[in-house]
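Open the model in your viewer and keep the sequence panel beside it.

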Amino acid sequence: MKIIIAGAGAMGSRFGLMLHQAKNDVILIDGWQEHIDTIKEYGLQANFNGEEVTEMIPIYHQSDISSVEFSADLVILFTKAMQLDGMMQSIKNMVGEKTKVLCLLNGIGHEDVIKKYVPLSNILLGNTMWTAGLEGPGKAKLFGNGSIDLQNLGNEGKESADEVIAVLNDAKLNAKYSDNILSSIYKKACVNGTMNGLCTILDSNMADFGETDVADVIVESIVSEFAQVAEKENATLDIDAVLAQIKSCYNRETIGLHHPSMYQDLMINNRLTEIDFINGAIVRKGEVYGIETPYCSFLTQLVHAKEQIMKAK
Ligand SMILES: NC(=O)C1=CN([C@@H]2O[C@H](COP(=O)(O)OP(=O)(O)OC[C@H]3O[C@@H](n4cnc5c(N)ncnc54)[C@H](OP(=O)(O)O)[C@@H]3O)[C@@H](O)[C@H]2O)C=CC1
Ligand SMILES: CC(C)(CO)C(=O)C(=O)O
């Protein structure tokens with residue numbers, strides 16, 4: 001399959017690498033010049049479950065793709081939430097009538113941006129439990145396991161996603177169709193709405209936070225706010241399942257030692273975070289639905305304060 005990875009940071013590198021290893025025709029598009037230059041010169045390098053691997057994958061700067069001829073069957077979006085619209089603008093001429101566009105960003109409401117550029121029948125909305133990190137430009141660190149849930153936003157249903165799911169599974173990315181992706185997205189947003197902001201503010205990995213004696217009360221309070229908003233959007237959450245998924249992140253043998261992507265952004269790379277698309281989205285929706293969201297509001301404010309103290313860009 002001909003695949004564009006639009007946003008080739010940590011996660012885009014993981015997906016690009018695994019799909020390329022599975023013999024797909026992959027190109028990467030990104031906006032970080034040093035990363036692009038390094039991959040062009042040395043290939044995409046990764047510590048992949050302890051093994052050093054290099055894949056030679058074409059990569060282009062998003063402002064420099066007008067002459068790239070590549071009729072993609074699939075675009076996988078992996079920008080940060082605040083970069084999504086800009087990336088869609090950049091690649092819109094590479095998205096053909098039959099190109100499926102799969103969005104796996106963390107956060108809530110990305111379909112509102114994508115549907116400005118892509119018909120609903122071609123949009124696959126999803127989320128993923130895979131993780132990834134970057135050790136520097138052109139070098140990813142990939143360990144652990146993950147999965148993908150996705151759903152077609154049009155009326156075409158599961159069949160329209162079968163081919164994409166097969167290609168993802170061929171690359172061992174563990175994808176499955178969801179009949180209620182909004183619930184899955186809210187469920188994942190609960191994981192990010194707790195782990196990402198809290199580990200960032202507390203300067204901890206997920207296992208260390210999870211082992212504190214206040215972890216449960218904080219996590220349950222935040223999840224309750226997400227669940228009340230989700231309910232208003234017909235995305236009922238199974239609270240016990242959500243809490244179990246969050247607690248699975250504390251496991252040191254699997255992903256407990258991972259610093260969430262928000263931590264990597266702010267604490268390691270001094271970059272702005274996606275908090276407004278996670279807890280901040282719950283605060284905004286809470287205002288619309290008349291739901292109190294004190295925990296999400298406080299966490300959003302703390303993360304913004306930290307961004308400002310650190311002069312993040
Ligand atoms: N990392 C993870 O484990 C997980 C992440 N996600 C989600 O996937 C999406 C993509 O996240 P992720 O892959 O982590 O994002 P990254 O920060 O690794 O990459 C996103 C973009 O940020 C820019 N960038 C990244 N690092 C630097 C740097 N050091 N200096 C300058 N620019 C940089 C690049 O584009 P540009 O230069 O154009 O800004 C890049 O395409 C997000 O929505 C995230 O929440 C979901 C599950 C797990
Ligand atoms: C690993 C996980 C699940 C933590 O919330 C994640 O999605 C992230 O790092 O952004």
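**First stop: a charged pair**

Select aspartate 112, which is partly exposed with a relative accessible area of 46% (buried means under 20% relative accessible area, exposed over 50%, and partly exposed in between, with a 1.4 Å probe and protein chains only). Its side chain meets that of lysine 115 in a salt bridge, 3.6 Å from N to O; the term stands for a side-chain nitrogen of Lys or Arg within 4 Å of a carboxyl oxygen of Asp or Glu. Lysine 115 is also partly exposed, at 46%.

Before moving on, a note on the model: it is predicted, so local features need pLDDT of at least 70 and side-chain atom pairs count only at pLDDT 80 or more, while totals for chains, interfaces and linings use all residues. Residues are numbered from 1 along each chain as its sequence is written, chains are lettered from A and ligands numbered from 1 in the order in which they are written, and side-chain values use heavy atoms, leaving out hydrogens and water.

Pick aspartate 85 and lysine 116 next: their side chains meet at 2.6 Å, N to O. Aspartate 85 lies in helix H3 (84-91) and lysine 116 in the loop between helix H4 (111-114) and E8, so the pair ties together parts that are 31 residues apart in sequence. Helices (H or I, at least four residues) and strands (E, at least two) are DSSP runs, numbered from the N terminus. Aspartate 85 is partly exposed at 28%, whereas lysine 116 is exposed at 53%.

Now select aspartate 149 and lysine 176, whose closest N and O atoms are 2.6 Å apart in a salt bridge. Aspartate 149 sits in strand E11 and lysine 176 in strand E12 (175-177), 27 residues apart. Is aspartate 149 buried or exposed? At 15% relative accessibility, aspartate 149 counts as buried.

Then show Glu52, Glu135 and Lys139 together: a network of salt bridges links them.

**Between the domains**

Colour domain 1 (2-177) and domain 2 (181-309) separately; these bounds come from an automatic or database domain assignment. Their C-alpha centres lie 24 Å apart. In contact (heavy atoms within 4.5 Å) are 22 residues of domain 1 and 26 residues of domain 2.

How many salt bridges are there between domain 1 and domain 2? The count is one. To see a salt bridge with closest N and O atoms 2.9 Å apart, select lysine 80 and aspartate 265.

**Helix H10**

Stay with aspartate 265, one of the buried residues of H10. This helix (261-268) is mostly covered, with six of its eight residues buried. Display strand E9 (133-136), helix H6 (181-202) and helix H12 (294-309), which are among what covers those buried residues. After H10 comes asparagine 270, with a positive phi near 55°.

Next, select helix H11 (279-289), where Asn279, Gly280, Ala281, Ile282, Val283 and Gly286 are buried. Show H6, helix H8 (215-232) and H12 to see what the buried residues of H11 pack against. Just after H11, glycine 290 takes a positive phi of about 70°.

Finish at aspartate 213, in the loop between helix H7 (206-210) and H8. Aspartate 213 counts as exposed, at 78% relative accessibility.
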